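Student: I would like to go through this structure term by term. Please hold each label against its cut-off.

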Amino acid sequence: VKKLITLSVNGESRQVAVEPRTTLLDALRDELGLTGAKKGCDLGNCGSCTVLLDGKPVLSCLLLAVEAQGKDILTIEGLVQNGELHPLQQAFIDYAAFQCGFCTPGMILSAKALLDENPHPREEEVKEAISGNLCRCTGYTNIVEAVLKVAQSEKGTR
Amino acid sequence: MKEYSVVGKPLPRVDGKVKVTGQADFSGDIRLPNMLHGKILRSPHPHAKIVSIDTSKAQALPGVKAVITGRDTAGIRFAFVDTPRYPADEYPLAIDKVRYIGEEVAAIAAVDEITAAEALELIEVEYEPIPAVFDPEEALKDGAPKVHEEIVPTTTCAWQDWGVSRQARPFKVVNNICATVSMSYGDIEEGFAESDHVRQDRFVVPATSHAAMEPHVALANYDPSGKLDVWLSHMSLAVKQYWLAKTLGIPIGKVRVHKTFTGGAFGGKINLFPYEFLAAFLSRKTGRPVRIVLSREEVFTSCRLSHRMIIDIKTGVKRDGTIMAQHVKLINDPGAYRGSSPVVMYLAHAFCNPIYNIPNWKHEGVGVYTNKAICTPKRGHGSPQARFAAESQLDIIAEHLGLDPAEMRLKNVRKTGDVLPNGDRLDSCGLGTGIWRALELTKWKEKRGRRNNRGIGMGLAAMFSGAAYYPFGSAAIVKLNPDGTATLFTGQSEFGQGSDTAVSQIAAEELGLGLDNVILVSADSELCPPDLGGFVSGGIFVSGEAVRRAAADAKQQLLTNAAEILETKVDDLDIGNGHIFVRANPEKGLSLAEIVRNSIQRHNADSIIGKGFCKPVPEIEFYPSLSKGTGRFTDAYGFAVAVAEVEVDPETGRVRVLEVTIADDCGFAINPVSVHGQLVSQAVMGVGDALYEEVTTEEGRIVNTSFADYKIPGVFDVPEFRHIPVESVEPKGPFGGKEVGECSRAAVIAAIANAVSDATGVRIYSLPITPEKVVR
């Protein structure tokens with residue numbers, strides 16, 4: 001039986017009817033039309049569904065939608081502000097840190113969570129932060145470079 | 001070399017903004033109003049007769065809109081290979097028996113996924129298990145279980161549909177043989193007799209998963225007017241469109257494949273799959289859109305694997321390392337259906353053909369049905385298997401002769417200008433240069449042969465730039481807009497490789513426009529002309545050249561118009577920066593916008609539309625012989641020289657790849673950043689292939705069906721990477737470009753295998769090179 005819950009997504013309060021077993025990923029994709037978070041395995045192994053919950057990266061395929069009530073959910077769709085790309089998004093373009101783009105939203109959000117907490121990480125820390133995000137196309141090197149470049153830039157993250 | 005302003009530049013990709021903001025639509029992101037959800041019931045048995053199927057309980061479940069079984073789809077066949085000799089052998093749903101675990105038995109469309117899943121459980125299938133065979137060499141024996149009886153064509157074959165006037169013949173399956181190849185050149189016996197040293201080895205390569213991040217998905221909407229709209233995970237729409245039209249019996253023009261981005265393919269999304277047909281079939285049956293999203297487990301078990309191959313290779317050499325003769329015998333196990341077996345066995349020769357000058361050779365292969373999951377192309381299609389064997393053995397021989405294996409390679413590699421036994425001519429070949437430069441950069445001489453648990457090894461590979469296959473060519477259209485921008489229409493699909501950007505660059509360069517002024521319409525079968533680039537490894541060489549020619553056609557029209565207005569000759573004009581101007585007096589010129597408007601005014605609204613097309617290997621009528629290897633194969637080859645450095649833990653046998661260097665000859669790099677990205681991609685994928693990727697089967701059941709059990713490289717598995725661009729200019733390619741996306745993977749796998757041997761003195765004859773094999 002579906003139940004009406006309120007989720008705070010990208011700064012907006014959204015009411016959504018979900019079953020108790022509905023994952024946050026399915027609620028975002030199917031009920032709210034936020035398809036930026038991807039379903040790559042639905043088992044918590046690939047990281048494509050990564051979103052931020054109160055600033056921390058979570059695998060939205062392993063979390064029930066009801067558990068996300070009362071928390072701030074950030075998806076890739078919420079990263080653009082005032083029409084401007086987040087520095088990480090721009091860096092992913094500038095450093096060719098994506099190919100097919102399927103893992104990209106999850107990668108960017110994992111990296112954002114890192115930089116928000118640790119604005120100037122070492123390379124190993126960047127790798128650690130994205131070690132749960134699988135990518136089959138890029139070989140990762142450009143992704144690590146893009147994140148490091150943002151960390152080194154004056155603008156940093158916001 | 002000519003200075004270009006758009007091609008050859010490391011420009012950001014045109015699909016960047018939509019991909020980093022989550023706005024890029026993959027097929028699984030599309031929802032249609034009133035959409036149903038499909039699910040598939042799969043066989044739990046590797047080999048069993050279907051005694052009965054009772055769908056009544058499933059049909060009675062509220063929310064279930066359709067349940068179909070093999071009875072509903074009887075007579076429908078399709079396959080990756082559908083030629084006069086090899087008629088299609090696959091079914092959308094099993095008819096009277098199942099042949100592998102995961103085979104499609106029934107399908108359901110329901111109002112939501114949960115209902116569809118519940119309904120699956122209510123379908124009652126009575127199976128009668130029969131003896132199964134899993135080992136291809138067992139399957140070849142008399143008295144082995146028969147996976148297939150005679151395969152009798154139910155319709156015309158694909159070649160006939162595309163104009164080849166030869167009828168499909170029934171295919172008699174003897175000893176489970178699904179395909180054979182046999183090709184030769186020179187005199188193999190004489191070659192071995194003239195050799196000072198002859199060596200024979202057996203190498204074994206397992207099945208792996210493509211493991212693209214996007215699981216396979218199909219959304220289909222059959223509307224009452226008889227039109228089918230589909231959104232698919234694909235890497236080339238022409239073949240999917242053709243097969244959907246044929247299997248559903250609707251005109252090909254009424255099947256519209258819509259543009260979506262594909263979340264990685266690597267060959268694994270190339271053929272028509274049962275789930276795609278079933279989504280369309282269920283949509284027609286229910287009158288509602290139907291989406292089928294496969295689970296990761298289904299991708300592992302039923303969406304095809306790379307080819308399992310046993311390779312017996314015998315090579316004869318002179319004392320100085322000159323190769324005199326080589327005899328390759330393949331046993332290919334494509335699983336329960338033929339998959340791409342005849343093609344992979346042919347390519348296992350054809351991709352090796354341009355590497356070494358081997359005066360006498362024989363290449364034989366037999367494809368054998370077993371009760372296992374089906375195999376399809378994967379990045380290099382036959383080359384990784386064949387190069388692992390040949391490059392490993394070359395190192396073994398070099399060691400025996402006391403030669404540096406790199407020098408032995410240099411002695412035998414082909415050169416620009418060489419003509420291959422099948423008639424292909426190498427107009428560009430960077431192998432020799434690549435080896436020299438890789439040796440220098442990697443400090444090969446210093447590192448090689450130390451046996452101190454660190455080792456360095458080399459591997460070579462080559463790849464077609466396009467091949468003959470239906471629809472036999474790519475076309476493109478360039479339409480000039482009244483504001484001087486251009487809209488490019490190409491059927492090419494963007495599945496990560498960067499084609500949307502590369503073709504836009506090609507059109508922009510030819511028209512003298514900035515990249516921003518080319519508007520791209522791609523991968524929509526209704527809007528775009530035919531295209532096969534992504535299917536035949538010809539994204540740049542074939543489709544890119546079609547785009548260049550379309551832009552050149554439009555440019556010619558622009559020049560003619562400009563000459564008329566400027567009252568001068570076309571030959572005196574040049575194009576650039578959105579203008580056409582008099583070369584001797586660049587101040588005198590017109591913007592493209594002015595020219596387009598002028599054409600409309602002066603020539604009865606004849607707006608400017610350019611058309612271009614390109615056929616791979618135009619000299620041959622339709623296709624080379626897969627089984628005899630005769631006829632031209634391709635017009636240009638990409639080449640790669642890989643050097644890997646590894647460290648082996650002598651206690652655990654664990655191999656760490658420290659560095660991969662690739663010297664790559666892709667012709668002129670249309671986008672150097674994309675080229676670099678393709679190479680890193682293959683270096684890292686090659687690490688997985690070499691060290692840990694294997695789809696493991698027990699009694700026909702795949703046991704590693706998730707990323708927890710099937711490891712692909714993660715960020716900590718990435719070696720240092722160095723790229724040596726060995727750019728040649730391929731005269732037939734657009735701006736000199738050729739192939740880059742598939743070649744290097746094979747070279748990297750071979751290089752790692754050889755580096756492990758250099759580090760330890762241990763030769764591993766099967767992939768992957770696991771710690772167990774190294775310590776044992």
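Tutor: Start with burial: a residue is buried under 20% relative accessible area, exposed over 50% and partly exposed in between, using a 1.4 Å probe and protein chains only. Helices (H or I, at least four residues) and strands (E, at least two) are DSSP runs numbered from the N terminus. This is a predicted model, where local features need pLDDT of at least 70, side-chain atom pairs count only at pLDDT 80 or more, and totals for chains, interfaces and linings use all residues. Residues are numbered from 1 along each chain as written, chains are lettered from A and ligands numbered from 1 in the order written, and side-chain values use heavy atoms, without hydrogens and water.

Student: What makes H7(B) largely enclosed by the rest of the structure?

Tutor: Of its 12 residues, 11 are buried, so the rest of the structure largely encloses H7(B). Among the buried ones are Leu237(B), Tyr242(B), Trp243(B) and Leu248(B). The cover includes helix H5 (158-161), strand S10 (228-232), strand S11 (255-257) and helix H8 (274-286) of chain B.

Student: Why are Tyr4(B) and Phe735(B) called an edge-to-face pair?

Tutor: Rings of Phe, Tyr and Trp (its six-membered ring) pair if their centres lie within 6.5 Å; planes under 30 degrees apart are stacked, over 60 edge-to-face, the rest tilted. Tyr4(B) and Phe735(B) have centres 5.1 Å apart and 80 degrees between the planes, hence edge-to-face. The two residues are 731 residues apart in the chain.

Student: Why does Tyr4(B) count as buried?

Tutor: Its relative accessible area is 17%, so Tyr4(B) is buried. Phe735(B), at 14%, also counts as buried.

Student: What makes Phe464(B) and Tyr637(B) an edge-to-face pair?

Tutor: Their centres are 5.7 Å apart, with 75 degrees between the planes. Phe464(B) sits in strand S16 and Tyr637(B) in strand S24 of chain B. Both are buried.

Student: How do you know that Lys314(B) lies over the face of Phe192(B)?

Tutor: The rule asks for NZ of Lys or CZ of Arg within 6 Å of the ring centre and within 35 degrees of the ring normal. Lys314(B) is at 4.5 Å from the ring centre of Phe192(B). Lys711(B) lies over the face of Tyr692(B), at 4.9 Å.

Notes. Contact means heavy atoms within 4.5 Å.
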